[in-house]
Structure formats: structure tokens, C-alpha cells
Amino acid sequence: MSALHLAWRTVRRYRAQTILAIAGVAVIGALLFDMLLLSRGLLLSFADLLEHAGYDVRIVGGGGMTLRMPIPDSAAIADAVRRLPETETVVLVRILPARLAAPGGKSSASVALIGVSGAAAGAWTIVRGVDLDRASGDACPVILGRSLAARVGVGPGDHVRINAEQVGVSSALPAITCRIVGVGQFAFGGAGDDTVATTLDALHRASGEDRVGDADLILVASRPAAGSAAAVAAIQRARPGLAVYSNDEVVEQFNRNGFAYFRQISLVLSSLTMVFAFLLVATLLTVSVNQRLGEIAALRAIGIGRSRIAAMLLWESALLVGVGGLLALPLGELLALGLDRILRQMPALPEQLHFFVFEPRALVIHIAVLVVTAVAAAAYPMWITARMPIAATLRREVVG
Amino acid sequence: MDIVRANDVSRVFPMPAGPVAALRRVSLAIGAGEHVAITGPSGCGKSTLLHLLGGVDAPTDGSIVFEGRDLASLSEPERGRLRLTRIGFVFQRFFLLPMLTAAENIELPQAEAGAATSARRSRTRELLAYVGLTDRADHLPSQLSGGEMQRAAIARALANRPALLLADEPTGELDEATSDTIADLFDRVNADGTAILVVTHNPSLASRASRRLAMRSGRLVA
């Protein structure tokens, strides 16, 4: 007749109290679990997006990753980087605001026009039509974001007119006609997905730039045998002074700056939920022990050891927190799905970015926090029973 | 040979209005196989004396010697072990664990004493038969009558074959007929060799004892 057996029979006997405690822990545990998913969710999702884009090194201009400025002489830099044995693919990327008009001027939209020197595999997924590298012969092939194509009412084979704009510069450049070769899902595109991709040459024509202009970003895929760290080091050796980052460094930079807010919020809320769980279970256990003081004093009187009674209370706490904590996982997952759907409706966020992302670390922390909560919640009732004066308690119970 | 001896014991309880002396220099010895009853009005110190003899409370002055060992010299775990194996307690309110069956309540002190599962099952069956509860073995206390609960509590107290059974108002919550049944059971337990100290208001129960003592204001008077 172990302490666990006694605890199990006790929680079964006090059913209403048990259900209340388990339900409370499940709800609080679900919130705790969600806070853990949120604390690193954006970061993990962002890292995943970068990873799936297929490039593990980024060269940016002055201003670093957050304040993007053109990279002077980027074509020459790209050639130099391409020749390095540590690199495999190099893609120049130029981004300009533009105006897109449907045939006949029926509808138009402000878009982000991305020019790339190559297919830029991974930056988007073709859902209809073909990619830029398979559109031979077109002077200005374009890929439209899925929702933009639907909104403007065009598809592969249609023509659109595009006016590229230089930030802060008035332009009287005529619009150029481009042919839609594909409709795609952009990895970094938002829910509105007002993104248009084309070749770098076509972008230069649309913007009136008279040379292969300065790219905003150079994407580099390192050779698998070398790895991103070696590629970054090689690029920095070849072109000192360039701002070169591996994906890990980009993620770390965002972790320090962009996502610290979420981490802090989730830390505060996690701590609060843990305190709530502790208070709930500790209160219920303390009330339960106070109701059973006579029984417990009698147990001590007949020689049942303090350790067995303490272990019984610890198991009671563990059962309540354990079952509640287990139920918290599916509940938290459901809640996270709903909250994620709401948060992802925020404008200008990449559609594939998620706020709540599961990782084994979150589960381990969830379990560890609940174990600590169970032990802490049982501590006071255990202390009451260990310190209780047996004779005085029995006397009070009989007189009462 | 004495099982337990109280030597000039006093017990003073500190109270907000000033200390209250519940026991004043009481001496008492209970020998093996004796059946002793203590009677007296409420608050005269009967239960306090019983608690001191059973090692669940300590005297302010004097000493309690159980089977030759001064209880003050024992640690709390040692006193707990002594209560588990050498003393049986029977309470007015039974104090059976409500989530355990009658049989499980009887098994619990045996499990604490380290008895093997088969041995404690066998002893439990024997005790259930002894107190006439064989057919109630799997019933929870809430499914038993007051008399049945007290019989189960007596069986629990006898589980580890104690030398001394201490009963505090064991018929306090029972009607007259049921009280007689419990008194008969105590007689049988005593006849089988276990010493009994019962504190009670019940004259019929006290009359069964071979030695009857009375208490007044913290003192033994007869």
C-alpha cells in the first residue's frame, strides 16, 4: 500500500475537488505552454523561412539587416563571391516599389517589385505557370503573388504594365509591359502578398537604371562541404568591409533586437501562470489537508510515518498537476492554433511566419515547470502535517 | 511486568489566559494483560494521560517508561515505530481512512511496519473474522454503521499485535446496544492477552475492566 496508492484513492474520493484542480491546471498549463511556444516561435519560424529559402549567407549594404541600403558595385562583388570555392550559388536581389496595372487599366496595385539575377529558388514557390528561368524569350517575365493575381484578375500568359519608382525621386518613366509567366507563393510575402518578381535586367529597364545597378541584397548558398561560417569568412577575406551574415547570425541579430519583446512578454506571463497554478493546487491541497487533519493526526498516532504522509501529499499534488499538465498540451495546441491564426492577420507579415511554434525544448520546460509547481504546491500541506501536534489535533477534532 | 509506567507526570498547556495544568503529578503502571478503565468528568485529564502513555504527547514533568524505555529518550521516528508495533489506538471518532475499505484500513499499519503482502492479507482476514466483519471487508467506512466502523478501527489497532491497546471514549459515538458489543470485543481482546487502557464516561464499559480508576482535576483519585 504505497503512498501513490493512497494518493490515487484520495483524489478519486474527493472527485469534485480533483476535477476542479485538474481543470484549473489544464487551463493554466495550456496558457503556460502557449507562452513557451510564443517565446521562441517567431524566431524558430523566421529561421525556418531563411533555411527554406535555400541561401545561408547574406551580403547587405550599410545599415545592416534592419536598415537596408544598396550595396555599391554589387555586380563585381557577386562575381568575386561566385569565384570563391566555399560558395555555390550567388543571386543579386533588388527591391523597388512599383505600380502594377492590369490590361486595359481595369485595376492596379502598389507592389514590391523584386528583381533577381537567377531563379532565386526557395524564395517563392510556383503554384501556376513556370519560374523565371523557364520563361526564355520574354524581355520582362514576371511572377505575381497568388493573392495579388487573384485581386487584379490576371494569370499566366496575361500582360501587365509596371512602373518602377525610385524612392524619393520623381520619375516620368513610361510603364513597361511584362508578361506573367507564373503565379507564386512568396516565402516572405504577407497575407496580401503584393509582391512581383522579375529578372534583374527587367527591373533595371522598368526603373530606368542605366547599368546593372546596386543590389539591395546578395544571397549566397555555400557549398555543403564548406558550410556557411566558412563562406562568410571567405567572403570577408576577399572583400573586407562588406556586411556579411550567415543565417545563424541573422537569426541571432533578430533574437537580440526584434524578438526580445516576445521573449520578455512570454517570460512574464509564464511566471504568472506558474504562480496561478501553484496557488490553485496549494490552496486546494491545503484545504483538503485541513479537512482531513483528524484522519492525519490519527494516522500519525497509530504510527504511520511522516514520510509516508508527506509522500502521499506529494503524489496527490503530482497527480493533479500531472493530469492537468497532460491535458494542457492538446488544449494549449488548440489555443495556439487559434491565436496564431489571429496574429498572422497582422499586415506586412510573411504569410508563412508563425508566432507559436512547437519545439521539444518547450515540452521539456513545460514538464519541468509543472514538476516544480507540484512540489512547491505540496510543500506547505506537507509542512502542516509534519509539524502538527498529534494530541492537540486529536483533542480539537473530538471537541470540534 | 509493567508495559507502561507514568512516573509523577504533569502536563501543563500554555493558554492565552495563562497555563492550564491538565495533569498533576500522576503515577500509573499498567501490567501485561491488564484491563484498566479510567473514568471522570470531561476535562479532568483522562485523554491527556492516555496521549502521554501512548507517546503522542510529552509530559511537562515526570517520565513515561514503555517496556523499559523512557519515551523522552526516543526520537519521533522511534516513538512512531513504537506506536506502530507495540501500541494500538482506538478513537472516539474511529478515524478510518474514508477512501480505503475496511480491509485496506486494517492492512495499512501492517504495510507501514513492512509486513509482506501475503502475510498482511492473511492477518487482515483473521482480524476481520475476529471482529465479525468478514462480509464487510470491501466496504468503505461510509458504507459501515458506527459499530462496524469501531470494530474495523479495533481490528486496525490490533493489526501489528500490540502489547497495549489505548481506547479514548471508544463508545462515545455509539448507542447502548452497540456499545455493549464493543465492550464484549474489548473483553475478548484482553482475554487473548492484550493489555487495555480505556478512558470513558460509559459506566458499563468501565465496569468490564479489572482495575477502575477515577480522575478529578488532573489527578487520579481512586
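1. In chain A, helices α8 (residues 260-291) and α11 (residues 360-387) pack with their axes 9 Å apart, at an angle of about 30 degrees. Angles under 35 degrees count as roughly parallel, and α8(A) and α11(A) are therefore roughly parallel to each other. Their crossing is right-handed. The model is a predicted one.

2. The residues that α8(A) brings to this packing include A:M274, A:F278, A:V281 and A:L285. On the side of α11(A), the partners include A:V369, A:T373, A:Y380, A:P381 and A:I384. Sorted by class, the contact of α8(A) with α11(A) holds 14 nonpolar and three polar residues, and no charged ones.

3. Chain A as a whole has 12 helices and 10 strands. Its radius of gyration is 31 Å, well over the 21 Å that the globule rule gives for 400 residues, so chain A is more spread out than a compact globule. The C-alpha trace of chain A spans about 100 × 50 × 35 Å along its principal axes.

4. Of the 400 residues in chain A, 42% are buried. Among chain A contacts between residues at least 6 apart in sequence, 83% join residues at least 24 apart.

5. Between the chains, 20 residues of chain A are in contact with 25 residues of chain B. On the chain B side, the elements giving two or more residues are α1 (46-53), α2 (76-86) and α3 (102-112). The most come from α3(B), with six residues. By class, the side of chain B that touches chain A has 13 nonpolar, five polar and seven charged residues.

How values were computed:
Residues numbered from 1 in each chain as written. Chains lettered and ligands numbered in written order. Predicted model: local features only at pLDDT ≥ 70, side-chain atom pairs only at ≥ 80, totals over all residues. Contact = placed C-beta atoms within 7 Å. Helix = DSSP H or I, 4+ residues; strand = E, 2+ residues; numbered from the N terminus. Nonpolar A, V, L, I, M, F, W, Y, C, P; charged D, E, K, R; others polar. Axes fitted to C-alpha atoms, helices over the stretch in contact; angles between N-to-C directions. Parallel < 35°, antiparallel > 145°, perpendicular 65-115°, else oblique. Left-handed = near helix turned anticlockwise from the far one by under 90°. Rg over C-alpha atoms; globule rule 2.2 N^0.38 Å. Buried ≥ 20, exposed ≤ 12 C-beta atoms within 10 Å, placed from the backbone.
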